[in-house]
Amino acid sequence: MTLKEAIVARHSVRQYQEKAIEAEIIKRLNEEIALCNQEGGLHIQLVLDEPHAFTGGMVKYGNFKGVRNYLAMVAPKGADEKVGYYGERLVLLAQTLGLNSCWVGMLVGKQPDRYTIADGEKLHCVIALGYGANQGVQHPLRPMEKFIKASIPLPDWFRRGMEAAILAPTAVHQQKFELELLDDHTLAARARFSLVGWAKLDLGIVKYNFEVAAGKENFSWQ
Ligand SMILES: Cc1cc2nc3c(=O)[nH]c(=O)nc-3n(C[C@H](O)[C@H](O)[C@H](O)COP(=O)(O)O)c2cc1C
C-alpha cells in the first residue's frame with residue numbers, strides 16, 4: 001500500500017484485536033519516530049502493551065476497546081502544528097504496514113511512568129495503534145470548495161492535494177482549515193476559529209496529507 005492509498009484507506013478505528021504488533025513493524029515504526037523527532041524537534045514515544053491508559057478513564061470521548069499500544073505525542077509546548085504533521089506521517093506509515101489508528105485528544109488520566117516528558121514539553125495527545133477489529137468508516141465528505149481560497153484557476157496538483165486534505169482526520173471532524181492558492185506554486189494554510197480547540201494540530205495533519213497527494217516538488221508553503 002502506498003501513502004496515497006493509505007490516505008483513502010485510513011479511518012479512525014476504536015476497537016482492536018488482542019494480537020501484538022509484529023517485531024519488524026515495531027522496528028520500522030521506531031525508525032520513523034526517530035526521524036520525525038530529529039526533523040521536528042519532537043519527543044514522540046511508542047508505548048507498547050500498556051492497556052491501562054484506555055481502560056482507566058483516560059479517554060473521555062469515543063468507545064475504545066482493546067487498545068494496548070499508542071504513540072505518546074510528547075513535544076514542546078506550542079508545537080501543535082508539528083505534532084499534527086509528524087503524527088500523520090506516522091499514522092499513514094502505520095496504515096501501510098497493516099495497522100489501524102485513532103488520534104485521541106480528550107485525555108482525563110495519564111500514565112506518566114510509560115513515557116518521558118522533559119522540561120518545556122507536554123503530552124499533546126496520543127494515537128492508538130494496533131490491528132483493528134474493523135477498518136472504521138469513511139467520515140462524511142464536505143465539498144473541497146469550502147476549504148479553498150483562490151482567485152486563479154486551480155492546478156491539478158492543488159486539486160489532488162485538496163482531495164487528500166478533506167480525507168484527513170481532524171478533532172470531532174471539525175475541519176477548521178483553509179488553504180489559499182497565492183500563485184501557481186505558493187500556498188498559505190490557515191487554521192480557522194474553533195470553539196473546541198485543536199485547529200492548529202489539525203492543520204499539521206491536513207498539510208501532511210496535502211503534501212503526499214500534491215507532491216512537495218509542485219509547491220511551497222508561504
Ligand atoms: C487532534 C484529534 C483529536 C481527536 N480526539 C479524539 C478523541 O478524544 N476520541 C475519539 O474517539 N476520537 C478522536 N479523534 C478522532 C476524530 O473524531 C476523527 O478523526 C474524525 O471524526 C474524522 O474521522 P476519521 O478519522 O475516521 O476520518 C481525534 C482526532 C484528532 C485529529
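**View A. The contact between domain 1 and domain 2.** In this predicted model, 17 residues of domain 1 are in contact with 17 residues of domain 2; two residues count as in contact if their C-beta atoms, placed from the backbone, lie within 7 Å. Helix 3 gives the most to the side of domain 1 that touches domain 2, namely 9 residues. Helices (H or I, at least four residues) and strands (E, at least two) are DSSP runs, numbered from the N terminus. This side of domain 1 comprises 6 nonpolar, 5 polar and 6 charged residues. Ala, Val, Leu, Ile, Met, Phe, Trp, Tyr, Cys and Pro count as nonpolar, Asp, Glu, Lys and Arg as charged, and the others, Gly among them, as polar. The protein chain is divided into domain 1 (3-130) and domain 2 (144-221), with bounds from an automatic or database domain assignment. The centres of the two domains, taken over C-alpha atoms, are separated by 23 Å. Residues are numbered from 1 along each chain as its sequence is written. Because the model is predicted, local features need pLDDT of at least 70 and side-chain atom pairs count only at pLDDT 80 or more, whereas totals for chains, interfaces and linings use all residues.

**View B. The shell around the ligand.** The ligand is surrounded by 22 residues, of which Ser12, Gly62, Gly105, Met106 and Pro169 are the closest; a residue is near a molecule or strand if its C-beta atom, placed from the backbone, lies within 6 Å of it. Strand 3 (100-104) and helix 5 (199-214) are the elements that give two or more residues to this shell. The shell contains 12 nonpolar, 8 polar and 2 charged residues. Domain 1 and domain 2 each contribute at least three residues to the shell.

**View C. The largest nonpolar core.** This core has 58 residues, and those with the most contacts inside it are Tyr70, Leu71, Met73, Val126 and Ile127. A nonpolar core is a set of buried Ala, Val, Leu, Ile, Met, Phe, Trp, Tyr and Cys residues joined through C-beta atoms within 7 Å. A residue is buried if 20 or more other C-beta atoms lie within 10 Å of its own, exposed if 12 or fewer, and partly exposed in between, with C-beta atoms placed from the backbone. Helix 5 gives the most to this core, with 10 residues. Leaving aside neighbours within four places in sequence, Val126 is in contact with Tyr70, Leu71, Ala72, Met73 and Val104.

**View D. Leu203 in helix 5.** Leu203 lies in helix 5 and is buried, because 24 other C-beta atoms lie within 10 Å. Apart from its neighbours within four places in sequence, Leu203 is in contact with Glu81, Gly84, Phe177, Ala189 and Ala191. Leu203 and Gly84 are 119 residues apart along the chain, yet their C-alpha atoms are separated by 7.0 Å.

**View E. The buried residues of helix 4.** The buried residues of helix 4 (156-165) are Phe158, Gly161, Met162, Ala164 and Ala165. They lie on the same side of helix 4 because they cover an arc of only 160° around the axis, the arc being that of the directions from the helix axis to the C-beta atoms. These residues pack against helix 1 (3-9), strand 5 (148-150), strand 6 and helix 5.

View F. Val172, in the loop between helix 4 and strand 6, has a positive phi of about 40° although it is not a glycine. Val172 counts as partly exposed because it has 15 C-beta neighbours inside 10 Å. Trp198, in the loop between strand 7 (186-191) and helix 5, has a positive phi of about 70° and is likewise not a glycine. Trp198 counts as buried because it has 22 C-beta neighbours inside 10 Å.
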